[in-house]
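Hi,

Here is the structure I promised to pass on.

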Amino acid sequence: MPKRYELESAPTPTPERTRTPSAGSRHTRGSSTRFRTLISPALKTIPTHRSSVLGQILAMRKDLVGHLKAQEQIHGPIWRVAIGRGGMIQLLGPDALEFVWKNRDGAFSSARGWEPYIGKVFPGAIMAMDGDEHRYQRRIMQVAFQKSALRTYLAQMGPAIDAGVDTWMPPTGGPAARRMFPLLKQLTLDLAASVFMGVELGRRAKDLNQAFVATVAASLAIVRAPIPGLSMWRGIRGRELLVRRFRDLLPQKRATHSSDFFSEFCHAQSEQGERFTDQEIIDHMIFLMMAAHDTTTSTLTTMMYLLARHPEWQERLRAKAAALGKAQLEYDDLDQLDELSWTMREALRLTPPLTSMPRMCTKDTVFQGYEIPAGTMVGIYPIHVHYMSSLWTDPYRFDPERFSPARQEDKRHAFAWVPFGGGPHMCIGQHFATLQVKAIMHQLLLRYRWSVAPGYSMPYQLVPIAKPKDGLKVTLERI
Ligand code: HEM
């Protein structure tokens, strides 16, 4: 289990304290001449964390929340990691998320924040666009996420989930060991292929899956050049394969109309009459399929893990699923499954698939008295807010009822529960993700019971998208 920390949040620093640091304080001590001449004077007033880059990466990998809380105790809600020229500013807490996401003075760029990570493997991704261009693309994309479309996607998914989940175990026989992450990933990819592309993957599933894995892995490649055999090279090759697949299907999708995202994008027209070009459709499809299946796989894996650790909740959800009396969920059932909603929300609180996200500050701005100069990278951390004890009661505890109408802990701050982000880039697929996760979980609960070994704690790799390092080993049993 993660470590507990006594002090959750350091007091907000006053402008006086931070703008004129005392001589020889830990924030100024050790500044090299090179640093003094290169970085903006404003940056020097921001508390600076000076351990080695490797040391910081290792600390974050070991215990991300613990590391952020420990830094917050030392520095407060804003501090700078001294990497590269200006370093990276870390902003913590719900007010920081609101400040960056709402982006009222247009100081934060998603395009320049995400570009270094995904620019080569997901060019044209809507998440890495700003301003008018972003609004234009989002207006058209929104058409494919309307309620009527979601209703149809869910109806299509029911039988596909049934067929996919059924292959996990032979129809007869006792409990057996399974690794859930690869099974869930295959299932969500197959669903993405049918709901997004309108095709059955069959033998091509493996190629496509590998291509997505390679593109996502490339976002974190340490060597950014596409050197044969290394991660970025594999990512770019993966992208090339995906582009070929979508380009081959495009003429047929343009010519006909079917109920999948690909077809919707080909025919979508905003209220202003705007439409996507072929290249935009390909770019959006590749990004969307990645964004959709990796995040929902992450959520389902966390839910299965938590429900294995808390069998009383697994039984409670199963009883509710059985009481509904339907093998497959329909759109109007979604609102009736309160406990399932709370459990999904609690899983997303404890392990949001995107634990952090980058922005580039492109215009001088001020946060809580600190000047953030243009040209500085900024990191924000939804996961940190999800563990603040000023917002959540006993935040390390699995407690889905904190989302019940009687408690509503998520309402303690508009940015307390933020797995889907906020502001103009807030996840466009939030409702799709919710209905897909619930539809899969409903069928799993009715078909299987699962458990983990006593004392088992699932080891996580939290970036770029949270997943278990061991695939999540469970014992699965048909009901
Ligand atoms: C539980 C599942 C999911 C989680 C936790 C999640 C989380 C997020 C977050 C945090 C962002 C904002 C990133 C930022 O501000 O930099 C985002 C954006 C986005 N997500 Fe999701 N997502 C999920 C599922 C999906 C699904 C299923 C789809 C598509 C069907 C999708 C499509 C997108 C797109 C297109 C964007 C970019 C939106 C924009 O920039 O305007 N996501 N997601």
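Let me start in a loop. Glutamine 408 sits in the loop between α17 and α18 (helices are DSSP runs of H or I with at least four residues, strands are runs of E with at least two, and both are numbered from the N terminus). Its phi is positive, about 45 degrees, although glutamine 408 is not a glycine. Glutamine 408 counts as exposed because it has 10 C-beta neighbours inside 10 Å. For the cut-offs, a residue is buried with 20 or more other C-beta atoms within 10 Å of its own, exposed with 12 or fewer, and partly exposed in between, with C-beta atoms placed from the backbone.

Two housekeeping points before I go on. Residues are numbered from 1 along each chain as its sequence is written. Please keep in mind that this is a predicted model, where local features need pLDDT of at least 70, side-chain atom pairs count only at pLDDT 80 or more, and totals for chains, interfaces and linings use all residues.

Aspartate 394 counts as exposed, since it has 10 C-beta neighbours inside 10 Å. Tyrosine 396 lies in the loop between α17 and α18 too, but it is classed as partly exposed because it has 15 C-beta neighbours inside 10 Å. The C-alpha of tyrosine 396 is 7.5 Å from that of leucine 350, although the two are 46 residues apart along the chain.

Now the whole chain. The protein chain has 18 helices and 13 strands, and 42% of its 479 residues are buried. If you take the contacts between residues at least 6 apart in sequence, 73% of them join residues at least 24 apart (a contact means C-beta atoms, placed from the backbone, within 7 Å).

What about the core? The largest nonpolar core has 122 residues, and those touching the most other members are Val100, Phe196, Phe265, Met285, Ile286, Met304 and Val378. α14 gives the most to this core, with 16 residues. Here a nonpolar core is a set of buried Ala, Val, Leu, Ile, Met, Phe, Trp, Tyr and Cys residues joined through C-beta atoms within 7 Å. As background, nonpolar side chains in soluble globular proteins tend to be buried together. Not counting residues up to four places away in sequence, phenylalanine 265 touches Ala144, Phe276, Ile281, His284 and Met285.

α14 turns up again at the ligand. There are 23 residues around the ligand, of which Ala292, Thr295, Gly421, Cys427 and Gly429 come nearest (a residue belongs there if its C-beta atom, placed from the backbone, lies within 6 Å of the molecule). Both α14 (278-309) and α18 (430-447) supply at least two residues of this shell, and α14 gives the most, with six. The shell is made up of 15 nonpolar residues, seven polar and one charged.

α5 covers residues 64-75, and its buried residues are Leu64, Val65, Leu68, Lys69, Gln71, Glu72 and His75. They span an arc of only 165 degrees around the axis (taken from the directions from the helix axis to the C-beta atoms), so they are on the same side of α5. These buried residues pack against β1 (48-49), α4 (53-62), β2 (78-81) and α17 (382-385). α10, by contrast, is mostly covered, with 15 of its 18 residues buried.

Last, the end of the chain. Valine 463 and proline 464 are joined by a cis peptide bond, with omega about -5 degrees, and proline 464 is in the loop between β11 (460-461) and β12 (467-468). Threonine 475 is in strand β13 (residues 473-478). Leaving aside neighbours within four places in sequence, threonine 475 is in contact with Pro175, Ala177, Trp450 and Ser451.

Cheers

Conventions: Ala, Val, Leu, Ile, Met, Phe, Trp, Tyr, Cys and Pro count as nonpolar, Asp, Glu, Lys and Arg as charged, and the others, Gly among them, as polar. The expected span of a helix is 1.5 Å times one less than its number of residues. Two residues are in contact if their C-beta atoms, placed from the backbone, lie within 7 Å.
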